Amino acid sequence: EAGGNEADIVESLKSWLTIHQRTLEASFVFPRWLERTQQCVFIKPFICSWIEVNSTAFDARFVYEAWLAAGGSREIVLEPICRWLDAHETTSEARFVYDAWFDSTREVEVLRASLSRWLSLHGREIEADHAMRAWLDAGGDKESVCGHLSNWLAIHRITVEASFVFQSWLRAGGDKEFVRPAIEYWLKQHATHENARYVCTAWLDAGGELNVVREAILTRFQN
């Protein structure tokens, strides 16, 4: 974390992991290594060993997220992730696992049912936008999240987070009319916000009418 050279500690780390590879403490080491080096080969056998006995531990999500973000093989963590979700699917934190999986693999079908159940419980929470956006950005069908997005926007359409929802929905080819009222409302409140230009661009790129964003664009030019 202090920016030291990983080569200076690799032998010591290997010796430590040989002894402690299945401990809870190792779960903190794996993400640090992966985030710092993006190198999966060295750490892979230790992670596989750790997963054998800790796949459903609550903090295992940090290992799965780091592994996927570093470009690690999906096959290593697919079954463990499914087991983890069987144990922790009802928790708010499960959203981080969905995010990591969809962002890294672009595969949606394997977690479709799990995400649907999670959204039924947590779909109105402000943080739920991450999971829904990750689903859309990975090519997931819009019908699976449309109802949840509608409920989410009814509560959070004023938030900055809503600007990212608009972009993901429009980039995914979602119905413009579905988000049009929320976009109009959002732009009235946030025309000078940095994200407004991205919302306007996404709307126009999707073939939306200029009149919907004209005032926001003019306001940005005047400021």
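**Exercise 1. Charges**

Task: In this predicted model, how many positive and how many negative side chains does the protein chain have, and how far apart do the centres of the two sets lie?

Solution: 
- Step 1. Count the positive side chains: there are 23.
- Step 2. Count the negative side chains: there are 32.
- Step 3. Compare the centres of the two sets: they lie 4 Å apart.

**Exercise 2. The fold**

Task: State how many helices and strands the protein chain has, and what share of its residues is buried.

Solution: 
- Step 1. Go through the elements from the N terminus: they run α-α-α-α-α-α-α-α-α-α-α-α-α.
- Step 2. That gives 13 helices and zero strands.
- Step 3. Of the 223 residues, 44% count as buried.
- Step 4. Take the contacts between residues at least 6 apart in sequence: 60% of them join residues at least 24 apart.

**Exercise 3. A bridge from helix to loop**

Task: Which residue forms a salt bridge with arginine 117?

Solution: 
- Step 1. The partner is glutamate 89, with the closest N and O atoms 2.7 Å apart. The cut-off is 4 Å, so this pair counts as a salt bridge.
- Step 2. Arginine 117 lies in helix α7, and glutamate 89 in the loop between α5 and α6, so the bridge ties together parts 28 residues apart in sequence.
- Step 3. Arginine 117 has a relative accessible area of 42%, which makes it partly exposed. Glutamate 89 has 12%. Buried means under 20%, so glutamate 89 is buried.

**Exercise 4. A second bridge to α7**

Task: Where in the chain do aspartate 141 and arginine 112 lie?

Solution: 
- Step 1. Their side chains meet in a salt bridge, 2.6 Å from N to O.
- Step 2. Aspartate 141 sits in the loop between α8 and α9, and arginine 112 in helix α7. The two are 29 residues apart.
- Step 3. Aspartate 141 is partly exposed at 22%. Arginine 112 is partly exposed too, at 28%.

**Exercise 5. Pairs and networks**

Solution: 
- Step 1. Arginine 197 pairs with glutamate 194, at 2.7 Å between the closest N and O atoms.
- Step 2. Arginine 197 has a relative accessible area of 38%. Glutamate 194 also has 38%.
- Step 3. Salt bridges link Arg180 in a network with Glu177, Glu184 and Glu209.
- Step 4. The total count is 13 salt bridges.

How values were computed: Residues are numbered from 1 along each chain as its sequence is written. This is a predicted model: local features need pLDDT of at least 70, side-chain atom pairs count only at pLDDT 80 or more; totals for chains, interfaces and linings use all residues. Side-chain values use heavy atoms; hydrogens and water are left out. Helices (H or I, at least four residues) and strands (E, at least two) are DSSP runs, numbered from the N terminus. Buried means under 20% relative accessible area, exposed over 50%, partly exposed in between (1.4 Å probe, protein chains only). Contact means heavy atoms within 4.5 Å. Lys and Arg count as positive and Asp and Glu as negative; His and the chain ends are not counted. The place of a charge is taken as NZ of Lys, CZ of Arg, CG of Asp or CD of Glu.
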